[in-house]
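Welcome, and thanks for taking a look at this chain. Please have the sequence and the 3D view open side by side as you read.

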Amino acid sequence: MTQGRGAPPRPMPGSAGGIFRGMMLLGRGRRDGMSCFGPTPDAVLAALAPRVALWLVGGVLTLAQAPTMLSAAKIAFSLCLVLTPVVLTHQLARLWGREALWPRYMAAALWCDWLVLFVMLAAVGVIAGLMPAGVSMMHSALLLNGVIFAYNLWLTWFVARVGLALGAWRALLVVLAIAAAIMALSGISSVLPPHYAPWQDFLALPSAHGGR
């Protein structure tokens, strides 16, 4: 399909412009955003690279501040959070005969995860402006976390449905499988020495948000 005269050319799939355009489209529930991502393993590695880089920097800083076994457990768990969706969705794609679609889907899913940060910033501004003055910081923070959590679930479901060409229920199964795997890893981490409980850090987030 040719573009209209004078219309700016669309960015190439997998390019920086294409990735940004795809994120904005998928983030608004537009299926055509999936075509903006590359369909190759290299596209997955490129999408994974910023997460791994942040993990490495965070790990070094964590160990520098507190070189303990608990810090090492936190670092290991954070790496599991990065890799679990990648490994799990690949296995599900193979099971359902969608392996050929998986690289483009995974690249889109990894990049679209960054949208949650933008939604969080937008939600902070909206909630701060609309909440009555008498509402406590804790209630505001809980509402903020609820909005972010709900959007993250929807986005994970939508990208899985579009990227892997799944029905609504199988896409929901992808979301539930990722959540169950993370919960299982959290349980294992809290049981095994040094008994790091990731949910304690998660529950501390409202206080951090409320203090801003």
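Is Trp154 buried, partly exposed or exposed? Trp154 is partly exposed, with a relative accessible area of 30%; here buried means under 20% relative accessible area, exposed means over 50%, and partly exposed is in between, using a 1.4 Å probe and protein chains only.

## How to read the model

This is a predicted model, in which local features need pLDDT of at least 70, side-chain atom pairs count only at pLDDT 80 or more, and totals for chains, interfaces and linings use all residues. Residues are numbered from 1 along each chain as its sequence is written, and side-chain values use heavy atoms, with hydrogens and water left out.

## Overall picture

The chain has nine helices and zero strands, so its elements read α-α-α-α-α-α-α-α-α from the N terminus. Helices (H or I, at least four residues) and strands (E, at least two) are DSSP runs, numbered from the N terminus.

Of the 212 residues, 34% count as buried. The accessible surface comes to about 12500 Å², and 72% of it belongs to carbon and sulfur atoms; such areas come from the Shrake-Rupley method with a 1.4 Å probe, and for residues only the protein chains shown count as cover. Take the contacts between residues at least 6 apart in sequence: 65% of them join residues at least 24 apart, where contact means heavy atoms within 4.5 Å.

## Aromatic pairs

A pair of aromatic rings is described by the distance of the centres and the angle of the planes. Rings of Phe, Tyr and Trp (its six-membered ring) pair if their centres lie within 6.5 Å; planes under 30 degrees apart count as stacked, over 60 as edge-to-face and the rest as tilted. The whole structure holds three aromatic pairs. In one of them, the ring centres of Phe77 and Tyr196 are 6.0 Å apart with planes at 75°, so this pair is edge-to-face. It links distant parts of the chain, 119 residues apart: Phe77 sits in helix 3 (residues 69-95) and Tyr196 in the loop between helix 7 (168-191) and helix 8 (198-203). Phe77 is buried at 8% relative accessible area, and Tyr196 is buried at 8% as well.

Tyr151 and Trp154 make a tilted pair, 5.8 Å centre to centre with 40° between the planes. Both belong to helix 6 (residues 137-163), three residues apart, or about one turn of the helix. Tyr151 counts as buried at 18% relative accessibility. Together with Phe158, Tyr151 and Trp154 form one aromatic cluster.

## Nonpolar cores

A nonpolar core is a set of buried Ala, Val, Leu, Ile, Met, Phe, Trp, Tyr and Cys residues joined through side-chain atoms within 4.5 Å. The largest has 36 residues, and Phe37, Tyr105 and Val159 have the most contacts inside it. Helix 4 gives the most to this core, with eight residues.

Which residues does Val159 touch, leaving aside its neighbours within four places in sequence? Val159 is in contact with Leu26, Met34, Tyr105, Ala108, Ala109, Cys112 and Leu164. Apart from this core lies another, of five residues, including Val116, Ala123, Leu144 and Ile148.

## Backbone details

Most residues other than glycine have a negative phi, and most peptide bonds are trans. Ala165, in the loop between helix 6 and helix 7, has a positive phi near 55°. Ala165 is partly exposed, at 46% relative accessibility.

Pro193 and Pro194 are joined by a cis peptide bond, with omega about 5°. Pro194 lies in the loop between helix 7 and helix 8.
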